[in-house]
Structures are given as structure tokens and as C-alpha cells.
Amino acid sequence: MNGAALQVRDLRKSFYAVHALDGVSFSVAPGELVGLIGPNGSGKTTAIDCISGLQEPDSGSVELDGASIFRYAPHRLAQHDVVRTFQGVRVFATLPVRRNLEVAMLGRLRGRQRIAALAHRRRGWPGIGDLIATFGLEPVADMPAGHVSYGQRKLVEFAAACVRRPRLLLLDEPVAAVNPTMANVIRDRILELHRQGTSILLVEHNMEFVLGTCQRVIVLDEGRILVEGAPEDVVRRPIVQEAYFGR
Ligand SMILES: Nc1ncnc2c1ncn2[C@@H]1O[C@H](COP(=O)(O)OP(=O)(O)O)[C@@H](O)[C@H]1O
Ligand SMILES: [Mg+2]
């Protein structure tokens with residue numbers, strides 16, 4: 001299963017007078033790892049929300065491998081292996097960590113596959129044990145997800161996105177407020193998915209993290225793309241230094 005090509009054209013989204021997205025066009029090639037950066041309020045989350053069906057864009061187009069996914073609902077995108085994580089982590093707080101992953105798996109399956117997964121439930125879900133081990137979540141696997149640390153919840157959310165290899169993964173600040181040890185686990189998982197061919201759009205404030213992982217960087221400012229290119233070129237641009245680092 002290869003990564004999908006994402007093509008976003010002239011995406012617009014306003015909240016009353018605020019043009020959160022003011023005509024944004026960009027692409028992510030199959031298997032590409034692209035960083036989306038920009039100051040607070042520049043529209044990064046809104047871009048992910050509009051692609052992932054959480055917000056309805058006002059206009060524009062969003063295509064996956066050349067077919068429109070414009071205004072597709074999140075559950076429908078999940079079945080196309082388009083998944084996202086949230087800036088403020090979202091898990092099912094009262095469900096055990098393991099159950100969170102099972103629910104995520106069900107969400108990714110359709111029809112007969114879903115019925116088969118349910119039928120196998122008592123013998124344990126294929127792949128879930130491995131995923132728990134890979135993410136180092138064994139010690140908390142049977143704890144309610146709401147009771148584990150913030151960093152571990154970030155890991156649970158990320159693991160939930162990986163119950164099946166995503167074709168397109170949209171990450172909204174995956175290492176924000178996460179301690180360096182867990183941030184490294186998350187970085188390794190991102191790079192592993194990248195090696196396996198998943199297309200990834202990564203929103204992240206931690207510039208070191210972006211520069212160390214992304215192949216290409218897009219800079220948003222006030223709902224528009226300011227500049228895009230190779231990470232080392234982009235950060236050197238005065239306009240980026242000014243808008244992003246305030247100098
Ligand atoms: N649900 C909303 N209602 C009103 N304004 C919003 C909403 N979501 C985002 N905005 C506004 O849109 C702009 C872009 O926000 P956002 O996409 O969250 O930026 P970023 O993720 O880059 O920090 C900001 O001015 C923000 O206040
Ligand atoms: Mg945001």
C-alpha cells in the first residue's frame with residue numbers, strides 16, 4: 001500500500017472576518033514528508049481540519065490521487081487510510097489504551113473486513129499487541145487512556161492512527177509539550193512511516209524537529225503561503241526569519 005498524493009488548490013476558510021485560509025494551494029507527493037509551519041494563528045490547524053473533514057472549507061479543492069475528497073467526512077477518509085492527529089490530543093478517555101486502538105482499527109475497516117475483525121476479537125486483534133509494544137505502551141495498555149500521562153496519550157493517539165498504515169497522515173504538532181524521550185519515540189515512528197511510504201504532512205513548532213525530519217517545508221502566514229522549499233533554504237529566507245522568528 002503506497003502513500004497517496006495530496007493536492008490542495010485554492011483552499012479558503014473564513015471565520016466571520018478572519019480569513020484563516022486565504023487561498024492555499026500545495027501538494028504532497030506519494031511518500032513525501034512535508035512540514036507545514038508558521039506563526040500561531042497562521043491557519044495550520046485549519047488547513048488540516050479542512051483536509052481531514054473536521055471543518056467544511058468555503059471553497060477550493062482537495063484531491064487524493066487525483067480524485068476529489070473535498071468535504072469528505074473524517075470516518076469516510078479513515079476508510080481511505082487518510083488519518084490525522086490533533087494538536088490538543090484526543091483519545092477515548094474512559095476506554096483502556098488497548099481498546100482505543102481496537103476502536104481505531106474498526107474505524108478503518110469496512111463491511112466484511114469489519115465483521116471479520118469483530119469475530120476475531122476474543123483471540124486478540126491482529127497487530128494490536130505489536131503496535132502496543134512498538135510504541136512502548138505495554139505498562140499502560142489496560143489503563144483508561146484518560147489516566148495516562150500527556151505524552152503517553154500523544155503516543156496512544158499516534159498509535160491509533162497507525163493501526164493500519166496510513167496512506168496520508170496529517171500530524172498537528174505531534175511533539176508539542178512532549179518530553180524529549182517521548183518526542184524521540186514519536187520522531188522514530190514518523191520516520192519509520194516515511195520509510196514505509198506513507199505521505200505525511202507535519203505541522204510542528206519545534207524547528208529542530210522539522211528541519212531534522214522534513215524533505216520540504218511550507219510556510220503559512222495569515223492564511224497564505226509565504227514561501228516553500230527545502231528546509232535549510234526556507235529558514236534562511238529573511239521573510240521567514242521575520243514572520244516566524246520575529247527578527
Ligand atoms: N472555530 C473557529 N472559530 C473562529 N475562529 C477560528 C476558529 N478556528 C480558527 N480560527 C481562527 O483562524 C485563524 C487560524 O487558526 P489556526 O488554524 O488554529 O492557526 P494555527 O494552527 O496556525 O495556530 C486564527 O486567527 C484563529 O483564531
Ligand atoms: Mg494549530
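Author: In this predicted model, the largest cavity holds about 40 Å³ of space. A cavity is, on a 1 Å grid over the protein atoms alone, a set of points where a 1.4 Å probe fits but cannot get out. Grid points are joined across faces, edges and corners, and a volume is the space filled by probe spheres set on the points. By this rule there is one cavity of 30 Å³ or more.

Thr 85, Lys 154, Glu 157, Phe 158, Pro 174 and Ile 186 form the lining of the largest cavity, where a lining residue has an atom within 4 Å of a point. By class, this lining comprises three nonpolar, one polar and two charged residues; Ala, Val, Leu, Ile, Met, Phe, Trp, Tyr, Cys and Pro count as nonpolar, Asp, Glu, Lys and Arg as charged, and the others, Gly among them, as polar. Helix H6 gives the most to the lining of the largest cavity, with three residues. Helices (H or I, at least four residues) and strands (E, at least two) are DSSP runs, numbered from the N terminus.

H6 (150–161) also supplies at least two residues to the lining of the largest pocket, as do helix H2 (74–79), strand S6 and helix H3 (97–108). A pocket is an open set of points with protein on both sides within 12 Å along at least five of seven lines. The largest pocket has a volume of about 680 Å³. Of the 21 residues that line the largest pocket, Val 83, Arg 84, Phe 86, Phe 92 and Ala 104 are the closest to its centre. H3 gives the most to this lining, with five residues. The lining of the largest pocket has 13 nonpolar, four polar and four charged residues.

Strand S6 leads on to the sheet. An open sheet of six strands runs in the order S6-S7-S8-S3-S9-S10, with mixed pairing; two strands pair if DSSP finds at least two bridges between them. S6 (82–84) and S10 (224–229) are at the edges with a single partner strand each, so one side of each has no neighbour in the sheet.

Residues are numbered from 1 along each chain as its sequence is written, while chains are lettered from A and ligands numbered from 1 in the order in which they are written. Local features need pLDDT of at least 70, side-chain atom pairs count only at pLDDT 80 or more, and totals for chains, interfaces and linings use all residues, while side-chain values use heavy atoms, with hydrogens and water left out.
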